[in-house]
Number of protein chains: 2
Amino acid sequence: MPIHALPDTATAPLTEFLSHTAAARLVARHGVLPTLRGMARAIEEDFMRWPAFDKSARVASHSRHGVIELMPVSDGRSYAFKYVNGHPGNPAHGLPTVMAFGALARVDTGLPEFLSELTLTTALRTAATSALVASRLVRPDSRSMALIGNGSQAEFQALAFHALLGIDQLRLFDPDPAAVAKLIVNLAPYDMELQPCGSTAEAVRGADIVTTLTAAKARAAVLQARHLAPGMHLNAVGGDCPGKTELAPQVLRRARVFVEYEPQTRIEGEVQQMPADFPVTEFWRVLTGDAPGRGSADEITLFDSVGFALEDFSALRYLRDLGRAAGLLEPIDLVAAPADPKNLYALLTPWLAQRGPSTLTK
Amino acid sequence: MPIHALPDTATAPLTEFLSHTAAARLVARHGVLPTLRGMARAIEEDFMRWPAFDKSARVASHSRHGVIELMPVSDGRSYAFKYVNGHPGNPAHGLPTVMAFGALARVDTGLPEFLSELTLTTALRTAATSALVASRLVRPDSRSMALIGNGSQAEFQALAFHALLGIDQLRLFDPDPAAVAKLIVNLAPYDMELQPCGSTAEAVRGADIVTTLTAAKARAAVLQARHLAPGMHLNAVGGDCPGKTELAPQVLRRARVFVEYEPQTRIEGEVQQMPADFPVTEFWRVLTGDAPGRGSADEITLFDSVGFALEDFSALRYLRDLGRAAGLLEPIDLVAAPADPKNLYALLTPWLAQRGPSTLTK
């Protein structure tokens, strides 16, 4: 008897599941660029109704190896959470630094309707958010981007900026030549000019946008004030937890800084290096028109990305709808619904009957 | 092509899954009574090393319909969390009041190794905890228990007390006769005397143990001081969130009160009605010998159960081991592990190759 065979009294599974393989198929079938555009649109829609969400900073469990976090958020109708880890030493054990999964539930019943892989999805939503933010902050004539750090997130950032802003010139730098080579292989089929560079200074020279994506859990200063040029947009993605930063404080002081959710970014973002009154703007206010974006063509704008639960909420609902339409969701027997909801024990009864009375008295 | 067919570059799934149907089969195969005993033993082992756990109160998202909670806990080697809802109106929509699932992960890599249903498991671990606590606090000659509230949790409490303490006389009361009838049908195969009663007062008369299991989200006083008799053990299970209590304050004042995790129980338990300095004892201290249990044959002892994340940790590890041995765990494709952990994009490559180059440029 297969594991999933149900006794007659059981009801059909109540949850839909998007496995990581199905997610990869789904993204490939829909196209990476359309998926990034669609996900950015979903994030934009949800950022536009920011006050409707019950937000809280993530719940983190730190160890000397890394961190495991739970990220919940709700809009009063749907509730989402993500499980995500960050373990810089994982690649040495054959595992990705970041792995994730999560669920979308109904607030009115608590039913978890959708369970999903979120490893691939986290990479997509992080990139889609960066490109969405940049689309409102860059100089309109921006065409080139420097990518400092060419690890797992680099392709997604490159493609999101290509999809949303038409960026078609990339200047690549990573101290590990294998990372640069990997990025070039993966991006080769796309219509972009790829220029490997020998240093951060060389990569940022002439770039309209600078994306920093380094991974070491340490105070670093990958980007210095001397790397800056008037009118640049900086997309700082790598610094995203306490003790992990990528930018020199002088870079922050030279830029106008935009964040996702201020209370979380003060703890986790680049601005953890700055005084508590260092000015930041929550990006959703730019979308709704409550706050200005870029002030002039010469201004340096900076998105201090840390990743916020609301983006996972948007990504989950977007991929659920896309996956359902594509027939790539599977039913999964995650929560129990006995025929009589007040009779949970009845879930056991048919199986106990198969075992016979001796099971009951030992 | 089936959803789960993997391209050659993918690795095997890294997570094992216990579905709710598999959990029901597993419990029936192992026997309900041995499962409750085994789970109580796992909880006892983990309570004995209480200081090793990184504990935090649950993260709750309240709405007018109910509550959705995340409950994390870690011992530095393993990390567990549970998703659980509480929606008293659910049975009217054909859903259980409480549904749950959760996972067990490695702290050193963050890999979620085990995903499990926890609806049935929550009922089992709540009952196993109650019986474990009672086994150290009741008068040794206890034989009978009153069950006030005969809903979904009642069978599990009855069977846990039968399995661990040999309780074989049950006095049942619920204002809904259908609930009592359901309980009698479910417990009929077991070797217990079942006495339906017309009121709480009748049910508690002569009972050595009184278990309260009512579900309404309100301040109630199901049990009054006049119901008490010297030497009773009270097992208060139903009151488990802010604004939801079952016992009159005088009952609490007459009893010596034991709790799971004091900071959580002060907010969620019966003792939320009492001043902040009302004396309680964390039960793990009784197990380790750091605090006394029952002081005399006449004393009234009370377990103010709210359910703590550590019990889910124990239940998860117990069922994973039991399920693995029984061959009832399934591999599930929950998190991605690309062949090169620094090349997440490679997860998409084989699927993109199947789609052809047009996918890449739109």
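**Ground rules.** I number residues from 1 along each chain as its sequence is written, and chains are lettered from A in the order in which they are written. The model is predicted, so side-chain atom pairs count only at pLDDT 80 or more, local features need pLDDT of at least 70, totals for chains use all residues, and side-chain values use heavy atoms without hydrogens or water.

**Entry 1: the count.** Side chains of opposite charge can pair when their charged atoms come close. I looked for salt bridges (a side-chain nitrogen of Lys or Arg within 4 Å of a carboxyl oxygen of Asp or Glu).

**Entry 2: chain A.** I checked Glu299(A) and found a salt bridge to Arg256(A), with the closest N and O atoms 2.9 Å apart. The two residues are 43 residues apart. Glu299(A) sits in the loop between α9 (284-288) and β17 (301-304), and Arg256(A) in strand β15 (residues 256-259). Helices (H or I, at least four residues) and strands (E, at least two) are DSSP runs, numbered from the N terminus.

I also found a network of salt bridges linking Glu45(A), Asp46(A), Arg49(A), Asp75(A) and Arg317(A).

**Entry 3: chain B.** I saw Arg317(B) meet Glu45(B) in a salt bridge, 2.8 Å from N to O. Arg317(B) lies in helix α10 and Glu45(B) in helix α2, so the pair ties together parts 272 residues apart in sequence.

Next I looked up Asp141(B), which forms a salt bridge with Arg139(B) at 3.0 Å between the closest N and O atoms. Is Arg139(B) buried or exposed? Arg139(B) is buried, at 14% relative accessible area. Asp141(B) is exposed, at 52%. Buried means under 20% relative accessible area, exposed over 50%, partly exposed in between (1.4 Å probe, protein chains only).
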